[in-house]
Amino acid sequence: MVRAAGFTPLLSLFSFFSFSSAGKVPFGSLASGTSSSTSNDHPVSVVRAQGSTGFHYSHAKNDEYTATIYVNGVPYQVILDTGSADTWIDPLSQGVSEPPDLFHTGFNSTSTYVDNSVSSGPIVLADVTFGSYTIKNQAITISYNASPNRALYNGLIGLGGGLKSNIASFLANSSFAENGNPIIYNLFDHEPDLPNYTTFLMSRSQMGISDGGVLTVSEVLSNMTDILNAPLYQSPATSQWTTVMDGLYVNGEFLNGFSNFSTLYREKANLTVPDGSTIATFDTGTSYIQGPPEYTKAIYSRVPGAKLLPPDSGLGSPNMLFYSVPCNTKLNITLSFSGNLYPMHPVDAIDISFNSTTGTFFCIGTIFGGTNPNEDFLLGASFLRNTYQLYDYGTMDALHSKPATRLLSITDPDKAWAEADALNLAHVLASENDHRSSLSATATAAVTGIPYFTGNAAPVSLTSVDDPISTPGASAAASPSRSAISEADARIAGALSQDGDSSASPVNLSALTRNSYIILGLLVGVLIMLIIVIALVMKANRANKGYRVVPDTGFPTSGKVF
């Protein structure tokens, strides 16, 4: 799911795994208003407003992507999470006990997340506005003190599949069954003419709260309608955006294997999973990329200066594997799905964190090792911001529908490589400036407004077009177009800190050589900026602050993972 304060990586929320039409929630149709003989005095309806102010789509400190929802007229900035289906708000983060005029159902909801954290509280009915749409009598959870960083967000909206919803499960046999359907399901159910999809174009920012990019419901960017013809990855499981990943390339070397779920999907979902492939889920509420530890070691262990962080480092939970790396690390990483290649920008392969004990900044790899309950890889924003994403919810008359994802690659690997040094340096400077600014604020200061981007976003043109999901041959079950290397080879496939040249590489490294003069010119500019940084570091060291790789000792962090 999410990410917390202190640059702590956050993971996908509670997930429920189902292959068949027999699901956890005992109803199949969203059209029925109730599941019992008791009448519902609070029916669901949807109102579409004209002249909406939009979603206030924001990017919080290179961390979470958020949007504004209004609960009975009160605004809350919430994380956008395709890895879960329930919506909760933390009124205490706004300094109040709860929004006005809530209807308490008498039920409570508890969701346990993959890192063992919990969000719980009473289920209430409220009019929830999301963009142009107000869903009346929508069931959400009031979860007190659930937001670890009220300066960045006040809650979460679940945009995942319906079978992930605990609220729907708790209310299924009550008069509030329809109210308990997830927000996006109630929206599409009561607006049947709308195409059943959302799209995300994620910005890449330095620090602070910035423009999130473009978020749409039932519309696509007019200049990116190619997304409707982009590769289709039909999920083999209900309620999650899952597909088969061939592997990934690191500086020209192909890594694959180490799947814990490929056999399960072959047997239970009758899915074609080529040898060496893994199961991956796309999740907008996750900041980084979590995968088998073998990949983390192969990618970062051979980077000069890289260090394996101890389990008590404060990054994630103790069973997560992280490496610290020099902040000038530059890796050429490309992910492959059904033979379709998606390059990652080098700046997305590392991130900056802060050691609150020593007062120093350091960098970590954003592909970390860990075990997920339903998939080998959880692909968060570090990967997704390199794509334009379309999440299709499938048939909306049943919660058991299997969704599908379309991904349009938007990262030019040559351009990304050339600009990575300057962008990494800018990120370092922005992080230090942001930290100094945060020190000047009182930690207990009251939040005076919701934390969304208030600047001028670039105008965009949108169009509403149906998603033509009709070609099974485009699904993720297709075999990759290249042969997979063995798991033994993957064990020794290291990520080099310099350019790797391989005839099997999908990345055009020769183009980087042709652009060497451009790169050298850029480096001259970077060297000048480094002189400034060195001066800042020398000054900061006198105050026990600096910028260096963290030592191999544990350190506390102020963040909370959930």
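Which residues does Ser262 touch, not counting residues up to four places away in sequence? In this predicted model, Ser262 touches Val273, Ser277 and Ile279. Ser262 itself lies in helix α3, residues 262-268. Its relative accessibility is 8%, so Ser262 counts as buried, the cut-off being under 20%.

Next, the disulfide. The structure holds one. Cys327 and Cys363 form it, with their sulfur atoms 1.9 Å apart. Cys327 sits in the loop between β21 (323-325) and β22 (333-337), and Cys363 in strand β25 (residues 360-365), so the link ties together parts that are 36 residues apart in sequence. The link is right-handed, with 110° about the S-S bond. Cys327 and Cys363 are both buried.

Now the aromatic rings. There are 19 aromatic pairs in the structure. I will show two of them.

In the pair of Tyr295 and Phe377, the ring centres are 4.9 Å apart and the planes stand at 85°, so this pair is edge-to-face. Tyr295 is in helix α4 (residues 293-300) and Phe377 in strand β27 (residues 377-379), so to speak of distant parts of the chain: they are 82 residues apart. Both Tyr295 and Phe377 are buried.

In the pair of Phe322 and Phe368, the centres are 4.6 Å apart and the planes at 10°, so this pair is stacked. It too links distant parts of the chain, 46 residues apart: Phe322 is in the loop between β20 (307-308) and β21, and Phe368 is in strand β26 (residues 367-369). Phe322 and Phe368 are both buried.

Last, one aromatic cluster is formed by Tyr57, Tyr65, Tyr185, Phe188, Phe200, Trp241, Tyr391 and Tyr393.

Definitions and conventions:
Residues numbered from 1 in each chain as written. Predicted model: local features only at pLDDT ≥ 70, side-chain atom pairs only at ≥ 80, totals over all residues. Heavy atoms only, no water. Disulfide = S-S within 2.5 Å. Helix = DSSP H or I, 4+ residues; strand = E, 2+ residues; numbered from the N terminus. Buried < 20%, exposed > 50% of the residue type's maximum accessible area, 1.4 Å probe, protein only. Contact = heavy atoms within 4.5 Å. Phe/Tyr/Trp six-rings, centres within 6.5 Å; stacked < 30°, edge-to-face > 60°.
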